[in-house]
Amino acid sequence: MSDAATATYRWAWALIDALAAAGVRRLVMSPGSRSTPLALAALRHPTLNVHVCIDERAGGFFALGLAKAEGRPVALVATSGSAVANWLPAVVEADMGRVPLILLSADRPPELHDCGANQTMDQTDLFGRHVRARHHLPLAQDDTRWLAGLAARSVAISLGPLPGPVHWNVPLREPLVPAEVPALAPSAVVPQPLPTRLVPEPAALATLAQLVASGPGAIVCGPQDLGPEARAALIDAATRLRVPLLADLLSGLRCGAVDGGPLLAHPDQVARTAPTVRWLLRFGDTPVSKALNDWLARCAGAAHVVVSAHPRVADPAGLASHALHADPAALCRALPAATTTDDHLARFHALDAAARTAAEACCTGEAPFEGAVLRAVLAALPAHTPVFIGNSLAVRAADGFAGCTASPLSLFGNRGVSGIDGNLATASGIATALGHTLAVVGDLTFLHDLNALALARSCALTVLLLDNGGGGIFDHLDQAALPEFERGWLTPQAFDANHAAQTFGLSYRRVEHTADAVAAVRAALAGGGGIVHVSIDRAHSLARTRHFHSQARSPNA
C-alpha cells in the first residue's frame, strides 16, 4: 500500500510541477481528503505560492481576483463531489470575463463511479462550455513526461486568444498518503510562448479611413482595462479625430485624466441627450450605463466598428456593421487625422459640462447617497490605489457620478456575468496580489459573500459598505411599482456589520456623513484595512439621482 501511495504522490507532484514549469506561480486550495496528493505536492513545491481557503466558492473567486490582478493563470485544487461544483460561479465569471484559471478537481477512481459511492459524481464535463479545454486524466502512471506539454498547452490556452479557465479532472485511488513522502525536485522551466500583437491589415485601415471621413463620429470604451498603452492611444486618436470619447469608469480611462480633451467625465448623462453620429469605434465590453447603450441603439444607422483583441465580440444589440480583430493600441495609432469640425466635439463638451455642474450640486450636503460617497471617495484616493467596485447599484453610481479623477487608479469589477456573488473574495485576491485595496459593495453583496471576510483578514482589504437597506438598485427599475416589491426584490435584511467585523477580526467604523466616509476610507487604507459602514436612506438616494438627471442638461445642447 505504501508503494501505491508513493506512486500516486509522484504522479500528483508531476502534475503540479508541470504547471509550475509552465508559469503558474499561485495555487488556491481548499481542504479535502481525495485531493490530498495534489495539495501536498503544491504545499511542498518551492516555486508555488499556496493559499488555503476553506470554502471552495470563495476560493474560486479569490483565485479570480489573483489572476485579474496579475494577468497570469492561477491554479485551483478541490476535493471530489460538491466541492468542485462550488467553483461554478467563479468559473462562469472567468469565462465571460476572460480570466485565466487552471482547475484541478480531484476525483474518485473509475470503480467508485455509478455504484453509490460517497462524494462521487460525474465531474468530467461539469463546467461545460465555460472552460476553454477539459482533460480527464488517467490514474497514476509511471510515464509523466507528456504532462509538461499538456501543462504548457493548458497555460497557453488559458491566456488566449480568448483567455479563460481550463479544467483537469484528476482521479486518485487510495491510499492517498505515503508512509514516507519522497523529496522530489522541481523540473526545468518549459519554454513559454512569446506575446503577439494583432496588427490591422491595410485594407481594414482603408475602410476605417473612409468611415471616419463620412461625418461626425465618436469612440466608446466599455468596462475593460485595455492597458496603459491602449488607453493613451485611445485618447490620442480621439484628440486627432476631434471626436468625443465616452468611456466606462471601469475602463480606467477616466482616472488620471486631463481636463479639456476629448474624454467625457459623465458619459452616462451625456448619452441621454447626445446627438447621433455617423460612425462609432467601440472598444471593450458592453458598457455598464443603460443610457449609453440606449444611445448606441439610437445610432443604429451609423457604422458601428467593434474592435477586440480576442475573438468574442461585445455586441448584444446586434448593431455592429464591422468587427475588427486587432490590437486596440496598434489600431488607434494607425487612424487618420480629423475630418470633422470642432463644433461636433463642442456639443458633447457642453453636455458634459452641464452634467459635471449638476453632479457637484447634487453631491453637496452631509446626507450621504451612493453617488456622492463614490464621487468623493474616488477623488480622494492615493494614486494607483486598487479599487474593486461591486455590482448592482455600486458600479452604476460610480459610473454615473464619479466623473474623472485626477489620480490614476487601478479599477476592477466582475462584469463577466455581473453577479453579486464572490465580490469580497475577488477583492481579497486583488488585495493579496497588489496590497492595500478598496472594495465598494452594497449590503446584499456584502451578506452574499460574508464568509470571504475570513480572506480579508489576511490581506490589506478595506471594505466600503454602502448600506441602503436591501436591493436599492430596484428602486430605479419598474419592479418598484409592484405591490410585492419589498418582499420579492428589495429584500431588506437584519444584520450587524460590526458583529461580522468582530467575528472575523476586522476593524470597523460606522459613519453618517460623506466627508467622514472619505476620512475613514483613507485611514483604513493607510492601516490594515477593515470595514467602513455608511448608512444610506433609499428615498434620499433615489431623489438625489433623479434630480441629477433632471438638472444635467445644457441650454446650448
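Helices here are DSSP runs of H or I with at least four residues, numbered from the N terminus. Keep in mind that the model is a predicted one.

**View 1. A look into the second largest pocket.** This pocket holds about 660 Å³ of space. Its lining is made up of 24 residues, and those closest to the centre are Arg272, Lys290, Arg396, His476 and His549. Sorted by class, the lining of the second largest pocket comes out as nine nonpolar, seven polar and eight charged residues.

**View 2. The helices around that pocket.** Five helices each put at least two residues into the lining of the second largest pocket: helix 9 (267-273), helix 10 (290-298), helix 13 (370-380), helix 14 (393-401) and helix 21 (538-551). Which helix gives the most to this lining? That would be helix 14, with six residues.

**View 3. Cys299, a cysteine without a disulfide.** Search the whole structure and you find zero disulfides. Is Cys299 buried or exposed? Cys299 is buried, with a relative accessible area of 1%.

**View 4. Ala257 and its surroundings.** Here we're in the loop between strand 8 (245-247) and helix 9, which is where Ala257 has its place. Leaving aside residues up to four places away in sequence, Ala257 touches Leu263, Cys404 and Thr405. Look for Ile235 as well: Ala257 and Ile235 are 22 residues apart in sequence, and their C-alpha atoms are 9.5 Å apart in space.

Technical notes. Residues numbered from 1 in each chain as written. Predicted model: local features only at pLDDT ≥ 70, side-chain atom pairs only at ≥ 80, totals over all residues. Heavy atoms only, no water. 1 Å grid on protein atoms, 1.4 Å probe; cavity = no way out; pocket = protein on both sides within 12 Å on 5 of 7 lines; lining within 4 Å. Points joined across faces, edges and corners; volume = space filled by probe spheres on them. Nonpolar A, V, L, I, M, F, W, Y, C, P; charged D, E, K, R; others polar. Disulfide = S-S within 2.5 Å. Buried < 20%, exposed > 50% of the residue type's maximum accessible area, 1.4 Å probe, protein only. Contact = heavy atoms within 4.5 Å.
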